[in-house]
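Okay, thanks for making time, everyone. Let me put the structure up and then talk you through it.

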Amino acid sequence: MAWKDVFSYVRAVAANKGVTQGETRADDDVPLGARIGSVVQIQMSPIIRAQTNGSLIAMPAAADTRILAVSQIRLQPDTELYRLYLDKGDDAADEKFLQVFCGDDGKVSEVLYCTQLARVIPETADDQDAYTGVAGYGLGDAGYTLWREQLADMLGAAELATAFGESDRLDYTRDAGRPDAQFVSPFKGRETRIDDAAGMHGLRQEMYFMPYVRQLADGSREYLLITTEIVESIDGDANKRGIHVDFVIGIPMEQERIVIQ
């Protein structure tokens, strides 16, 4: 089915055709054969290796074995991503998900294992303009720096030492646009996330997105995905709105290291 408006689509089908919620699946055609409730097995070696080489990526928790939600992200001008959520980040927990990018031929070309590092609320209009790139700076700048002091309350001493070494900063480079451009407007689009197979629960949100990247000690890549999310509706209720900025760490995963059943 098309993901353009999954909530109204499923409700219309149920109302017009008299089908029950359990007879309609809204999670068809998700990459890697994933469905809500699918069991996920991820080889830990790439994550352990990334951590050893200074990555801020977090290990999956013991309970992160099922897909709790799936989403499709459409970014202008013509980019489509999927997220398979192992933790939705509800109840003050941190999000964990597999981000999947498919090429023009529909085949999976990249998978990132991602864990949320932090979430902030832009409280002023100036903050919101910077985090959406409207100001012409901020999200979309050529680089982004994480400071040891910023993460001191989130990470233990050993984790800080592994990630930062003797430095007080981690520098990331924008992974989009011309390298010599001081600013590139962030990708803009919308995420539709469904939390059950019938598509009756979930959310829709507007997104401003920019990936940044740095090289770890072994030469592998670590991504810092910064996304400003403006919630438009939750479970189809347009009165539930809000804005936040997610800082997410991602590392590339070979498809063969992920088994979804």
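This is a predicted model: local features need pLDDT of at least 70, side-chain atom pairs count only at pLDDT 80 or more; totals for chains, interfaces and linings use all residues.

If you ask where the lining comes from, the elements giving two or more residues are strand 3, strand 4, strand 5 (108–120), strand 9 (202–215) and strand 10 (221–234).

Now the largest pocket. It holds about 300 Å³ of space. Its lining has 14 residues, with D78, T79, E80, C102 and D104 nearest the centre. Here the elements that put in two or more residues are strand 2, strand 3 (79–87) and strand 4 (96–102). Which strand gives the most to this lining? That would be strand 3, with three residues. The lining divides into six nonpolar, four polar and four charged residues.

In soluble globular proteins, nonpolar side chains tend to be buried together. In this model the largest nonpolar core has 48 residues, and the members touching the most others are L56, L84 and Y113. Strand 11, residues 242–252, is the top contributor, giving four residues to this core. There's also a second, separate core of 14 residues, and L75, F97, L112 and Y223 are among them.

Ignoring neighbours within four places in sequence, L56 contacts L117, L146, L151, L155, A163, L170, Y172, R214, E222 and I249.

Is D27 buried or exposed? D27 counts as buried, because its relative accessibility is 0%, and the cut-off for buried is under 20%. D27 lies in the loop between helix 1 (6–17) and strand 1 (40–42). Its side chain reaches the backbone nitrogen of I36 at 2.9 Å. Leaving out neighbours within four places in sequence, the contacts of D27 are A34, R35, I36, V70, I194 and A197.

Then there's A61, in the loop between helix 2 (45–52) and strand 2 (69–75). A61 has a relative accessible area of 40%, so A61 is partly exposed. And if you want a sense of scale, A61 and V184 are 123 residues apart in sequence and 36 Å apart in space, C-alpha to C-alpha.

That's my tour; happy to go back to any part.

Definitions and conventions: Residues are numbered from 1 along each chain as its sequence is written. Side-chain values use heavy atoms; hydrogens and water are left out. A nonpolar core is a set of buried Ala, Val, Leu, Ile, Met, Phe, Trp, Tyr and Cys residues joined through side-chain atoms within 4.5 Å. Buried means under 20% relative accessible area, exposed over 50%, partly exposed in between (1.4 Å probe, protein chains only). Contact means heavy atoms within 4.5 Å. A polar contact is a pair of N or O atoms within 3.5 Å; within protein, one must be able to donate a hydrogen and the other to accept it, and residues adjacent in sequence count only if both atoms are side-chain atoms. On a 1 Å grid over the protein atoms alone, a cavity is a set of points where a 1.4 Å probe fits but cannot get out, and a pocket is an open set with protein on both sides within 12 Å along at least five of seven lines; lining residues have an atom within 4 Å of a point. Grid points are joined across faces, edges and corners, and a volume is the space filled by probe spheres set on the points. Ala, Val, Leu, Ile, Met, Phe, Trp, Tyr, Cys and Pro count as nonpolar, Asp, Glu, Lys and Arg as charged, and the others, Gly among them, as polar.
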